[in-house]
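Subject: Structure for your files

Hello,

The structure I mentioned is below. My notes on the fold, the surface and the cavities follow.

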Amino acid sequence: MVDPAVGQVDSAQPGNEDVPVNSGRPQRGTKGLLHNPAVRSALPFVNGGAAGMFATTLIQPIDMIKVRLQLVGEGVKTSSRATPISIVRDIMATGRAKDLYTGLSAGLLRQAIYTTARLGTFDTLMKVFSDRAAARSAKIGFKERAMAGLAAGGFGAFIGNPADLALIRMQSDGLRPVAARANYRGVGDALTRIARNEGVTRLWAGATPTVVRAMALNFGQLAFFSEAKSRLEGTALGSHAKTLVASAFAGFFASFFSLPFDFVKTRLQKQQRGPDGILPYKNMMDCFRKVIAAEGPLRFYRGFSTYYVRIAPHAMVTLIVADYLGFLTR
């Protein structure tokens with residue numbers, strides 16, 4: 001078994017896998033359904049998806065605030081100075097605190113697809129790389145971790161784009177005039193109406209920046225998490241402390257590398273055709289160019305602190321839960 005955080009082969013044998021009673025962790029089973037080869041192959045994907053969905057349930061209000069921050073003052077260089085507090089105040093002014101959880105169904109669907117695919121793919125690739133390295137009596141390095149993170153992020157983002165699009169549409173709907181709001185009833189309603197009114201291919205709007213953003217995020221998150229946890233081996237920190245420190249470290253780099261692409265992704269997925277039938281942005285590069293010209297390059301990093309607060313805890317919860325589920329099902 002490969003530890004997805006470290007990428008090293010677990011040398012423990014079935015006969016000595018029992019955990020001491022006073023370890024604080026439950027004992028791992030050595031027989032049964034969990035050791036069926038097909039189930040073993042599926043576990044990294046199942047554990048990853050479950051961890052991502054749990055984290056999203058906790059972090060959804062922060063994600064809502066992040067999206068609203070990215071859309072306020074679109075096309076205006078000297079827009080009002082929106083802050084996380086002002087965004088929350090505006091939402092709460094409607095008397096509907098539950099609006100902070102707008103799009104939760106889409107967020108959960110996205111995690112069920114995206115995080116299931118990316119963490120499962122990352123763990124699978126790390127096992128392949130570890131086995132190859134072990135055959136050479138070597139250990140995998142940062143290059144292999146980076147390759148696994150980039151590939152896993154891109155693959156997961158592409159297949160999860162429709163759910164991501166629905167999430168952005170649902171979260172941005174409240175910014176439109178009341179008469180023009182779609183008032184989606186849920187993720188299924190959003191996906192159906194977008195496909196029917198704008199075409200099925202529209203479900204992959206913003207797919208390019210979504211994939212690039214995911215590759216950048218996973219490069220920062222998974223590769224740096226794995227590298228940091230590997231470097232923390234041999235220190236006095238306990239297992240949980242190592243995971244916390246490594247995930248906080250990874251969260252910063254994931255935020256820094258991915259925020260500009262996340263910003264463009266949000267703009268592209270939110271946009272709809274005007275009265276003239278033309279979209280505000282043609283593609284990712286056109287969006288980058290227009291935002292720089294109209295709003296300035298620093299606009300891409302608006303809300304960095306909010307984004308980090310959204311990314312880091314989500315990464316920490318996801319990786320910790322995935323780590324623990326991986327231990328339970330090892």
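Helices (H or I, at least four residues) and strands (E, at least two) are DSSP runs, numbered from the N terminus. This is a predicted model, in which local features need pLDDT of at least 70 and side-chain atom pairs count only at pLDDT 80 or more, while totals for chains, interfaces and linings use all residues. Residues are numbered from 1 along each chain as its sequence is written, and side-chain values use heavy atoms, with hydrogens and water left out.

Fold. The protein has nine helices and zero strands.

Cavities. A cavity is a set of points on a 1 Å grid over the protein atoms alone where a 1.4 Å probe fits but cannot get out; lining residues have an atom within 4 Å of a point. The whole structure holds three cavities of 30 Å³ or more. At least two lining residues come from each of α1 (37-71), α3 (104-135), α4, α7 (239-270) and α9 (304-328). α1 gives the largest share, six residues.

Surface. Helix α4 (residues 142-172) also contains Phe158. Phe158 is partly exposed, at 45% relative accessible area (buried is under 20%, exposed over 50%, partly exposed in between; 1.4 Å probe, protein chains only).

Regards

Definitions and conventions: On a 1 Å grid over the protein atoms alone, a cavity is a set of points where a 1.4 Å probe fits but cannot get out, and a pocket is an open set with protein on both sides within 12 Å along at least five of seven lines; lining residues have an atom within 4 Å of a point. Grid points are joined across faces, edges and corners, and a volume is the space filled by probe spheres set on the points.
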